[in-house]
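Please take a moment with the sequence and the model shown below before reading on.

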Amino acid sequence: MKGASLRIEHLVKVYPDGTRALNDISFDVTPGEFLVIIGLSGSGKSTLMRCINRLIEPTSGKIYIDDVDITSLSQKEMRELRRRIGMIFQQFNLVKRSSVLTNVLSGRLGYVPPSWALLNYFPKDQVAQGMANLARVGIPEKARTRADQLSGGQQQRVGIARALMQEPKMILADEPVASLDPATSHSVLKYIEELNKKDGITVLCSLHFLSLARRYGTRIVALKAGQVVFDGLPKDIDEQWFRNIYGEEAIEVEIA
Amino acid sequence: MKNEVLPAPRPIAAPRPWFQSGRFLLLLAALTLVYAYGWRVTKINLGELSRGTRFVKPFVVDLFRPDVLARETKTQDVQLGMTIDPRFPPEQLPASSGPTLSASTRVVAVGSQVTITGRGFRSNSTGTLFWVNRIGNPQQVARFQTDAQGEFQTVITVPETFRGPASAGQAAQQRVRAQVTWAEGPLRPSKTLLIVLEKVVETVFLALMGTTFAIILAVPLSFLGAKNLMAKNPLGTTIYFITRTFFNIMRSIEPLILAIVFTVWVGLGPFAGVMALALHSIASLGKLYSEQIESIDPGPIEAITATGASPLQVVRYAVVPQIVPPFIAFTIYRWDINVRMSTVIGFVGGGGIGFILQQYINLLQYRQAATAVWAITIVVAAMDYFSAWIREKVV
């Protein structure tokens with residue numbers, strides 16, 4: 001399986017209240033890259049992620065996924081495109097009262113007839129695939145557990161399994177480890193890294209800690225006030241760049 | 001480096017203790033006024049609590065001996081024709097094989113004394129003698145005790161009775177009636193218990209039907225009353241405000257008042273109670289449901305949308321799982337409240353157990369009333385427990 005390519009051109013997002021969240025953003029992502037997006041809270045990382053699968057409608061600019069301009073797609077075409085873009089969230093966004101397996105299978109909804117939803121029906125082979133994906137993230141025994149019974153790290157792994165059900169060409173991970181402790185953060189990021197290395201899925205991942213960004217990213221894009229202020233290799237971010245991105249007062253905090 | 005001398009700490013004036021502050025004294029004066037007026041206007045008279053004990057005692061005593069079990073009652077009932085006017089001879093009633101009555105004289109005058117003798121009654125039992133006028137009104141004139149042979153002899157005074165317009169005629173023909181009643185056989189549920197049980201079932205179902213009608217209307221209305229879904233354009237905002245206003249007004253009207261309106265509308269009986277509870281519950285449930293819809297976590301909606309699901313699938317997988325358990329919990333809770341409500345709705349004629357409870361109290365049948373009170377207590381407590389258990393399971 002080959003990852004998707006992404007090209008963003010002059011992307012602007014202005015919220016109704018006048019906030020200019022993204023201000024003329026342009027960069028390319030080649031298939032199979034692990035792109036880490038860093039930046040302060042409010043720098044536009046989440047908005048950028050959501051513009052890529054149009055959970056948020058961009059104000060202007062173009063986004064090409066595999067050379068298809070997604071900003072001009074209809075809602076129906078957009079839904080079909082979203083099926084191949086997995087998304088992982090800071091707050092996991094699982095349906096807490098549903099079982100883990102139902103949460104995983106919901107990643108498959110774009111592929112099944114909507115009427116099946118009334119009976120919560122999924123074909124046998126997809127249930128088997130759901131179980132396989134749960135096994136892949138190391139929690140097959142939790143399939144029948146309610147999602148809110150799981151620990152944070154386990155919930156995020158369910159989120160990864162849900163994204164895997166989509167057989168994605170690209171994964172958007174919006175601060176996937178910001179709610180987790182350091183040890184769990186590494187375990188979750190290792191699963192995402194594995195998808196990137198083994199399956200060749202293009203990954204866009206926003207992170208808070210520069211140490212994590214350096215460890216996992218093949219490339220880093222830094223946002224500041226809705227603009228790209230750095231685009232390059234992890235090793236090129238030095239003390240000066242760090243101050244530039246995070247402000248003069250910032251001190252780098254290491255995460256083990 | 002030169003040693004800097006720290007400035008001497010300035011003494012801080014100790015604040016006045018809180019009970020000396022002007023604001024506190026003002027508050028104290030205001031509260032005193034409020035409670036003094038409250039005491040007067042509600043006519044609080046704690047002395048009545050002790051003076052009134054003798055009135056409430058029979059009720060309290062009977063509360064602990066409700067009419068639940070009873071033996072089958074058997075009755076011997078014999079009548080004897082009498083007359084208070086010699087021109088009209090006493091009736092000759094057909095003789096029965098059982099007990100018989102005889103009188104020292106069967107032609108009597110009002111106020112005179114007459115000896116009544118009975119034979120063949122149940123031995124060693126107590127009975128009652130009634131004087132019965134022409135139109136069948138009994139008036140108790142004596143109690144008697146039969147001997148080992150089942151006989152008794154009692155002197156009675158002929159009472160003044162209502163004789164009706166035809167005072168000169170047939171109304172003079174009156175009767176003496178002897179009644180011996182006793183209980184025999186095994187204990188079985190009393191008649192009161194059977195009536196109460198029937199009414200308890202009616203009460204629970206009254207609440208169930210009222211709640212069900214309320215759900216059917218409250219669920220769609222609650223979506224119209226959810227700000228996060230409706231307040232996206234001026235039309236939606238208007239609908240939202242109208243729905244919420246309806247909820248708030250209807251919720252503030254007690255079901256008891258609604259029941260009075262509905263007894264006038266559809267007549268006395270449980271249907272009026274069902275309608276009253278339904279109308280009130282639409283508003284209560286609607287408000288609770290709307291608030292639940294407003295408080296759902298938008299995260300799952302975003303996540304399911306991001307998988308490429310259609311809007312219907314998003315509702316099914318991201319919205320429904322979040323609102324169904326609390327909806328069930330609220331509904332059971334409302335049913336629980338409605339069972340409690342329906343016990344009093346009968347007081348205004350809305351059906352259910354309150355209807356007969358009020359009758360028993362008015363007739364001073366405290367033992368029967370006690371049966372109804374206990375039944376209400378048990379049902380309400382059981383519903384309370386059941387609803388708490390269900391809510392714990394689903395939420």
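How do the residues of the lining of the second largest pocket divide into nonpolar, polar and charged? The lining holds seven nonpolar, four polar and two charged residues, and the sections below place that answer beside the other spaces of this model, which is predicted.

## The second largest pocket

The second largest pocket holds about 230 Å³ of space. Its lining is made of 13 residues, and those closest to the centre are B:Val78, B:Gln79, B:Leu93, B:Pro94 and B:Ala95. Two elements of chain B, β1 (69-83) and β2 (100-103), are the ones that give two or more residues to this lining, and β1(B) gives the most, with four residues.

## The largest pocket

In the largest pocket there is about 280 Å³ of space. This pocket is lined by 13 residues, and B:Leu229, B:Lys232, B:Ile296, B:Ile301 and B:Val319 are the ones that lie nearest its centre. When the lining is sorted by class, ten residues are nonpolar, one is polar and two are charged.

Helices of chain B contribute to this lining: α5 (227-230), α9 and α10 (311-345) each supply at least two residues. The largest share, four residues, comes from α10(B).

## The cavity

Which residues line the largest cavity? From chain A come A:Met87, A:Phe89, A:Gly159, A:Arg162, A:Ala163 and A:Gln166, while B:Ala303, B:Ala306 and B:Thr307 come from chain B, so that both chains take part in the lining.

Two helices, α5 (152-165) of chain A and α9 (298-306) of chain B, each supply at least two residues of the cavity lining. Of these, α5(A) provides the largest share, which is three residues. By class, the lining of the cavity has five nonpolar, three polar and one charged residues.

## The make-up of chain A

Chain A has eight helices and ten strands, and of its 256 residues, 55% count as buried, that is, with under 20% relative accessible area. The accessible surface of this chain comes to about 10800 Å², and carbon and sulfur atoms make up 52% of that surface.

Among the contacts with a separation of 6 or more, 70% are between residues 24 or more positions apart.

In soluble globular proteins, nonpolar side chains tend to be buried together. Here the largest nonpolar core has 56 residues, and the members with the most contacts inside it are A:Ile38, A:Leu134, A:Ile160, A:Leu189, A:Ile192 and A:Leu207. The helix α5(A) gives the largest share of this core, six residues, and α5(A) is also the element with the largest share of the cavity lining.

Which residues does A:Leu134 touch, leaving aside residues up to four places away in sequence? The partners of A:Leu134 are A:Val100, A:Leu101, A:Val104, A:Ile139, A:Pro140, A:Ala143 and A:Ala161.

Technical notes. Residues are numbered from 1 along each chain as its sequence is written. Chains are lettered from A and ligands numbered from 1 in the order in which they are written. This is a predicted model: local features need pLDDT of at least 70, side-chain atom pairs count only at pLDDT 80 or more; totals for chains, interfaces and linings use all residues. Side-chain values use heavy atoms; hydrogens and water are left out. On a 1 Å grid over the protein atoms alone, a cavity is a set of points where a 1.4 Å probe fits but cannot get out, and a pocket is an open set with protein on both sides within 12 Å along at least five of seven lines; lining residues have an atom within 4 Å of a point. Ala, Val, Leu, Ile, Met, Phe, Trp, Tyr, Cys and Pro count as nonpolar, Asp, Glu, Lys and Arg as charged, and the others, Gly among them, as polar. Grid points are joined across faces, edges and corners, and a volume is the space filled by probe spheres set on the points. Buried means under 20% relative accessible area, exposed over 50%, partly exposed in between (1.4 Å probe, protein chains only). Contact means heavy atoms within 4.5 Å. Accessible areas come from the Shrake-Rupley method with a 1.4 Å probe; for residues, only the protein chains shown count as cover. A nonpolar core is a set of buried Ala, Val, Leu, Ile, Met, Phe, Trp, Tyr and Cys residues joined through side-chain atoms within 4.5 Å.
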